[in-house]
Amino acid sequence: MGLRLVSAFQGRDIVFAIDLTQSVGLSDEGRLRLRQIIQDSLQKGDSVYIVPFASTINPLSPTIDPISAETALLYKGSDQDIDQILQAVPLQSDSALQNTDIQKAESVVYKKLAELNQCRLAENQGIRFQAVVWLTDAPLLTEPGISSDVWVETPADSSFRQQDSQPSLERQSWIDALPIDIRSQAIDNYKLSVVDIQPTVQEFCTPAPGGRETCLVNAYLVQQLWLPGLVSSVCLVGILGLGIWGIRYWRSLNQTWKLQIKGGDDDEALIKHLKNGQKISIGGDIECPGPDVRGYLRREGNQLFLDVVSSSEYPIYYKNTRVTQRTALKGHYVHLNCPNNSRDFELTIRINT
């Protein structure tokens, strides 16, 4: 999980491994699907590696390592990057090439990809999710010691024909060690296969004093994830706090208010209950001088508003100012004045939420 979190902040390693032998002969559909993968699935920050193969790896340029930091094509998200990658992909087979050594190709590709992540681990850089797009008619992920019955094209002198040879054992060890998932689709006489490799490194631990052991990955994960972990913790605390606030706010909206209203010289308070969205009238539900309803106390959420009746001849004053439009009433104690015939009539409203 920690390695996957580290890789989430990186680009990916994408290898296009293309069999150049005449038996494949890339069809129009194969070229179209390859273009589709490049144009539609690459993500900003991906490193792309072009690996042509036949009896050997990179037969077009034998002295160049196709999977290295120097040969990677960095995709930055522009159309120019896509054009550069497409131009680097050999879309034509070569009649001079034959005898695909598929196990050799697999051994080189998987080992090189593992080395990329292992170097990143040693240098405290972010490791990456990796994938290989294979275009070949040869079978993938076969058992060690590939015979002619399984794949006839393997060169007769290839050490991969021997089950117990060092190259065969090494290839199989990488296949066993890497978390590989393969999907394939048939195209004419060959297949397009995508091998996904989840972010991983080859860990080793060393005994340490006190009955303990020291592991390279532990320190690496701490170095890589302390900042994202801190940010995640802060976000988690914020989300929890927001959730608690939301629950309390929801409960407050559904709680009925109790209004204690005293008017004029009355000592006994009038009790009114007010739910969210309800209103009570001043001059009707709440008595005050005059025959008309002067306005309404209206609750909206956790706010109390005073709406005046514009046609009323009787004013309402709040904070010594006549109210002529909707006004928010602040605090748990509200003082209103409803004068009549030049005589003040004070309303005191206590809000219990």
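This is a guided tour of one protein chain, stop by stop, to follow in your viewer.

**Before you click**

You're looking at a predicted model, where local features need pLDDT of at least 70 and side-chain atom pairs count only at pLDDT 80 or more, while totals for chains, interfaces and linings use all residues. Residues are numbered from 1 along each chain as its sequence is written, and side-chain values use heavy atoms, with hydrogens and water left out.

**Stop 1: the whole chain**

Show the C-alpha trace: along its principal axes it spans about 115 × 60 × 35 Å. The radius of gyration, taken over C-alpha atoms, is 38 Å, whereas a compact globule of 353 residues would have one near 20 Å. That globule rule is 2.2 Å times the number of residues to the power 0.38.

Now switch to cartoon view. You'll find six helices and 18 strands. Both are DSSP runs numbered from the N terminus: helices are H or I with at least four residues, and strands are E with at least two.

Buried residues make up 41% of the 353 in the chain. Here buried means under 20% relative accessible area, exposed means over 50%, and partly exposed is in between (1.4 Å probe, protein chains only).

Colour by charge, too: there are 33 positive and 41 negative side chains, and the centres of the two sets lie 13 Å apart. Lys and Arg count as positive, Asp and Glu as negative, and His and the chain ends are not counted. Each charge is placed at NZ of Lys, CZ of Arg, CG of Asp or CD of Glu.

**Stop 2: the largest nonpolar core**

Select Phe16, Leu34, Ile38, Ile85, Val89 and Val133. Of the 29 residues in the largest nonpolar core, these touch the most other members. A nonpolar core is a set of buried Ala, Val, Leu, Ile, Met, Phe, Trp, Tyr and Cys residues joined through side-chain atoms within 4.5 Å. In soluble globular proteins, nonpolar side chains tend to be buried together.

Which elements each supply at least two residues of this core? Highlight strand 1 (12–19), helix 2 (28–41), strand 2 (47–53), helix 3 (79–88), strand 4 (129–136) and strand 6 (190–197). Strand 4 gives the largest share, four residues.

Zoom in on Phe16. Leaving aside neighbours within four places in sequence, Phe16 is in contact (heavy atoms within 4.5 Å) with Leu34, Ile37, Ile38, Val48, Tyr49, Ile50, Val51 and Val133. Apart from this core lies another, of 25 residues, among them Ala17, Val132, Trp134 and Trp174.

**Stop 3: the loop between strand 4 and helix 5**

Go to Val150, in the loop between strand 4 and helix 5 (166–177). Is Val150 buried or partly exposed? It's partly exposed, with a relative accessible area of 45%. Not counting residues up to four places away in sequence, Val150 touches Pro139 and Thr142. Try the distance tool on Val150 and Arg326: their C-alpha atoms are separated by 86 Å.

Stay in that loop and pick Thr154. Thr154 counts as buried, at 2% relative accessibility. Beyond its neighbours within four places in sequence, Thr154 is in contact with Thr100, Asp101, Ile146 and Arg161.

**Stop 4**

Most residues other than glycine have a negative phi. Select Asn99, in the loop between helix 3 and helix 4 (102–122): it has a positive phi of about 60° although it is not a glycine. Asn99 is partly exposed, at 33% relative accessibility.

Then hop to Asn124, in the loop between helix 4 and strand 4. Asn124 also isn't a glycine, yet has a positive phi of about 55°. Its relative accessibility of 40% makes Asn124 partly exposed.

**Stop 5**

Find Thr200, between strand 6 and strand 7 (205–208). Thr200 is buried, with a relative accessible area of 17%. Setting aside residues up to four places away in sequence, Thr200 touches Leu3, Asn117, Ile127, Leu178 and Pro179.

Finish at Asp285, in the loop between strand 11 (279–282) and strand 12 (295–300). Asp285 counts as partly exposed, at 35% relative accessibility.
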